[in-house]
Amino acid sequence: MQRRASSEFAVQCDDLSVARGGTRVVEGVTLRLAAGRALAIMGPTGAGKSSLAALLAGADEPGLAVVGGSAAVEGIPVRARGRKQRVRTYLTGYLSQGAGGELPARLTVGEVIGEPVTSRDRRVNERALALRVAGLLDELQLPLGAAAKYPYELSSGMRQRVALARALVLNPRLFVGDDPYANLDLEVRKAARDSLLRRRDEDGMAIFVVTNDAETVRDLDADVLVLRAGRPVGFGHGTADVLWTPDEGARIAS
Ligand SMILES: Nc1ncnc2c1ncn2[C@@H]1O[C@H](COP(=O)(O)OP(=O)(O)OP(=O)(O)O)[C@@H](O)[C@H]1O
């Protein structure tokens with residue numbers, strides 16, 4: 001598939017509202033994420049963080065829909081269907097919440113990682129793909145031999161890294177990661193972080209993460225948007241200088 005020129009913003013939402021199964025779970029979110037930058041969505045459980053991430057990543061979930069305002073990824077509206085939708089999902093790497101536990105059981109790890117490529121292009125150069133998969137395994141500190149194994153043969157931390165490799169295999173313009181370091185111990189977490197940062201700094205990949213971990217925010221030098229019950233209640237750069245909406249400011253001070 002042809003790559004398009006990157007647009008000014010990897011993600012642009014204006015007064016966006018999102019419903020899941022008919023219930024509004026995100027209300028009135030306006031945000032910008034530029035190429036080469038990172039944005040962290042924070043907030044308590046049920047705030048709508050995963051719903052927003054899934055919508056922007058183009059998750060295949062029938063009940064998830066824009067019900068107000070607009071959102072675009074790399075300039076392509078998320079409401080667009082057909083070819084535009086395919087291009088948008090091609091440009092986006094998505095690591096969903098719990099992705100490591102939901103890898104296709106019947107594929108080998110090599111096939112799992114390569115699937116975003118093989119499912120889009122049947123005439124793939126197998127050798128080039130095998131090299132790309134091997135490069136990702138190495139980068140994420142997985143043994144080369146893991147490519148021939150099945151997901152159930154790996155630890156949960158290894159499966160999480162396989163899911164991350166799969167999200168990165170198409171060299172996305174936007175990475176959407178929902179709790180990306182779940183199940184990773186400190187050492188491999190550093191490898192995962194370095195892969196994200198290298199793509200951000202060298203290729204201009206934008207990073208959109210759902211996390212409540214201040215260290216992750218600091219590592220990524222991320223802007224922060226805090227959601228509560230679907231509504232934006234705080235915004236800032238890093239966790240130290242978040243500007244709160246008046247209601248939330250009073251709530252936090254009290
Ligand atoms: N698959 C689903 N179908 C319908 N409603 C859902 C689904 N998943 C989540 N919800 C609902 O959507 C709302 C927002 O949930 P969401 O998972 O987006 O929040 P979250 O901030 O990511 O929470 P958490 O930190 O617990 O993952 C919640 O009320 C939740 O019950």
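Ala, Val, Leu, Ile, Met, Phe, Trp, Tyr, Cys and Pro count here as nonpolar, Asp, Glu, Lys and Arg as charged, and the others, Gly among them, as polar. The model is a predicted one, in which local features need pLDDT of at least 70 and side-chain atom pairs count only at pLDDT 80 or more, while totals for chains, interfaces and linings use all residues. Residue numbers start from 1 along each chain, as its sequence is written.

The ligand has 13 residues around it, and the closest are Thr 45, Ala 47, Lys 49, Ser 50 and Ser 51; a residue is near a molecule if its C-beta atom, placed from the backbone, lies within 6 Å of it. Helix H1 supplies three residues, the largest share of this shell. Helices (H or I, at least four residues) and strands (E, at least two) are DSSP runs, numbered from the N terminus. Contact here has a cut-off: the C-beta atoms of two residues, placed from the backbone, lie within 7 Å. As for the angles, axes are lines fitted to C-alpha atoms, for helices over the stretch in contact, and the angles run from 0 to 180 degrees between N-to-C directions.

Now to the sheets. Two strands pair if DSSP finds at least two bridges between them. S5 is joined to strand S4 (residues 64-73) by two bridges, and Val 73 stands opposite Ile 76 in S5.

The other open sheet described here has seven strands, ordered S6-S7-S8-S3-S9-S10-S11, with mixed pairing. Its edges are strand S6 (92-95) and strand S11 (243-244), and each has a single partner strand, so one side of each is left without a neighbour in the sheet. Strand S3 (residues 38-42) runs parallel to strand S8 (residues 206-210), with four bridges joining them; Ile 41 is placed opposite Val 210 in S8. Helix H5 (residues 156-168) lies across S6 and strand S7 (174-178), at about 165 degrees to S6.

Further along the order, six bridges tie strand S9 (residues 223-228) to strand S10 (residues 231-237) in an antiparallel pair, and Asp 223 has His 237 as its bridge partner in S10. Two residues lie between the strands of this hairpin, where Ala 229 takes a positive phi near 50 degrees. S10 and S11 also run antiparallel, joined by two bridges, with Trp 244 in S11 as the bridge partner of Gly 234. Their hairpin has five residues between the strands, and Gly 238 takes a positive phi near 75 degrees.

The axes of helix H3 (residues 109-118) and helix H4 (residues 126-139) come within 10 Å and cross at roughly 120 degrees. That makes H3 oblique to H4, since angles under 35 degrees count as roughly parallel, over 145 as roughly antiparallel, 65 to 115 as roughly perpendicular and the rest as oblique. Gly 110, Ile 113, Gly 114 and Val 117 of H3 make the contact with Leu 129, Val 133 and Leu 136 of H4. Five of these contact residues are nonpolar, two are polar and none is charged.
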